[in-house]
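Here are my notes on the model you sent over. Have it open while you read, and start with the ligands.

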Amino acid sequence: MRSAVLTEPETFEFEERPRPEPGPTDVLVAVGRVGICGSDVHYYRHGRIGDFVVENPLVLGHESAGEVVAVGADVEDVAVGDRVALEPGVPCLDCDACRRGEYNLCPDVRFMATPPIDGAFTEYVAWPAEFAYPLPENVSTRAGALCEPLSVGLHAARRGNVDVGDTVLITGGGPIGMLAMEAARVAGASEIILSDVVPEKLERARARGADATVDPSQEDLVERVAELTSADGVDVVIEASGADTAIRSTTEVVRRGGSIALVGLAGEGEIPLDTHDIINDELDVHGSFRFRNTYPAAIDLLASGDVDVEGIIDFEMPLSELTAAFERTDDPSLVKGMVTVGD
Ligand SMILES: NC(=O)c1ccc[n+]([C@@H]2O[C@H](COP(=O)([O-])OP(=O)(O)OC[C@H]3O[C@@H](n4cnc5c(N)ncnc54)[C@H](O)[C@@H]3O)[C@@H](O)[C@H]2O)c1
Ligand SMILES: C[C@@H](O)[C@H](N)C(=O)O
């Protein structure tokens, strides 16, 4: 099979590799669509993200879906011919975190495209059947691939305790912010404000249902949110930009007793937050790391049409043009690039 392998920063080489053999509890999937995530681009540019260093050639891509072409002897719930979305993180299911149900916090998780685990920019992937979710007929393979960033958004909305009638501010209108917006809406938010510094992203957010948008490079975010909320502040902030200024402002734009979900990763982890605000205003500040138990909900929401993920896709390019596809994601006005594999 043909695999696109990151051999050094900014270099993909196409290698012929043996098609993987599914183990007894695995499915073999002919990959159909793979989204390009910011973390893929970061590995492509820099060869590392923090302590995760690409030391050996690595296949990137962790937002994937495709068709099952073989199943292991013990697989019962997934069949050849099923189209499936692949959940990219496979935890040990035996440690304390896994036993608590917080499997996204498993220290031994094997996560696609996180060194040394290969991802999905390749023709076939063998993956545990438990983490391959069949897609109903009315959910496309490309939507299935985006169950992954949708899951990040769903988990963030859960971590932020978004409730019916809430006003929610989402800072950052990249794929995660856009899909956190979908998640907040289905969780019951009645008003959603989205901030970004790129005008096209704000336009896109309004077209996708944001009630108001703010460009913090042009206007004061705290003042604008105060205007929009009659000075109370929002019930929930989902921080999905990773920008220092946006992270700092979370405690100022949220109402007393409100909640903050921090998703965006800043260049440096240490960012001052006003602890007096957090204490005096009884703010709930939650980290939001990847996701857990979200794929079934993501697929149901796609099947019912309650959320849209395909509308964030700006372009599709074939695996053979992977370098050009990665280069294209540099355009700040674009939200999501998608790679087609196979037919
Ligand atoms: N916690 C997790 O599990 C998790 C998972 C996926 C991504 N992430 C992180 O979430 C963040 C968002 O991911 P993405 O893929 O959407 O990234 P992205 O870079 O595509 O989007 C970030 C957006 O924030 C905007 N932005 C920049 N400065 C801003 C500011 N001051 N205020 C508001 N918006 C601003 C950018 O214009 C961009 O549209 C990244 O930091 C990423 O590393 C975290
Ligand atoms: C969750 C996933 O999308 C993210 N890029 C990560 O590697 O953690």
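Which polar backbone atom is 3.3 Å from an oxygen atom of ligand 1? The one in Pro175. Before the rest, some housekeeping: this is a predicted model, where local features need pLDDT of at least 70 and side-chain atom pairs count only at pLDDT 80 or more, while totals for chains, interfaces and linings use all residues. Residues are numbered from 1 along each chain as its sequence is written, chains are lettered from A and ligands numbered from 1 in the order in which they are written, and side-chain values use heavy atoms, with hydrogens and water left out.

1. Ligand 1, the shell. There are 24 residues around ligand 1, the closest being Asp196, Lys201, Leu265, Ser288 and Arg290; to be near, a residue needs a heavy atom within 4 Å. Sorted by class, that shell has twelve nonpolar, nine polar and three charged residues. (Ala, Val, Leu, Ile, Met, Phe, Trp, Tyr, Cys and Pro count as nonpolar, Asp, Glu, Lys and Arg as charged, and the others, Gly among them, as polar.)

2. Ligand 2. Ser39 puts a polar side-chain atom 3.0 Å from a ligand 2 nitrogen, the side chain of His62 has an N or O atom 3.1 Å from a ligand 2 oxygen, and a polar side-chain atom of Glu148 is 2.9 Å from an oxygen of ligand 2. The protein covers 79% of the 250 Å² of accessible area that ligand 2 has on its own.

3. H4 against H10. The axes of helix H4 (residues 147–159) and helix H10 (residues 295–304) come within 9 Å and cross at roughly 105°. (Axes are lines fitted to C-alpha atoms over the stretch in contact, with angles from 0 to 180 degrees between N-to-C directions; helices are DSSP runs of H or I with at least four residues, strands are E runs of at least two, and both are numbered from the N terminus.) H4 and H10 are therefore roughly perpendicular, a label for angles of 65 to 115 degrees. Glu148 is among the H4 residues making the contact, and Tyr295 is among those of H10; contact means heavy atoms within 4.5 Å.

4. Between strands E9 (110–111) and E10 (124–128), the loop contains Pro116, and the peptide bond from Pro115 to Pro116 is cis, with omega near 5°. Ala113 is in the loop between E9 and E10 too, with a positive phi near 65°.

Technical notes: A polar contact is a pair of N or O atoms within 3.5 Å; within protein, one must be able to donate a hydrogen and the other to accept it, and residues adjacent in sequence count only if both atoms are side-chain atoms. Accessible areas come from the Shrake-Rupley method with a 1.4 Å probe; for residues, only the protein chains shown count as cover. Angles under 35 degrees count as roughly parallel, over 145 as roughly antiparallel, 65 to 115 as roughly perpendicular and the rest as oblique.
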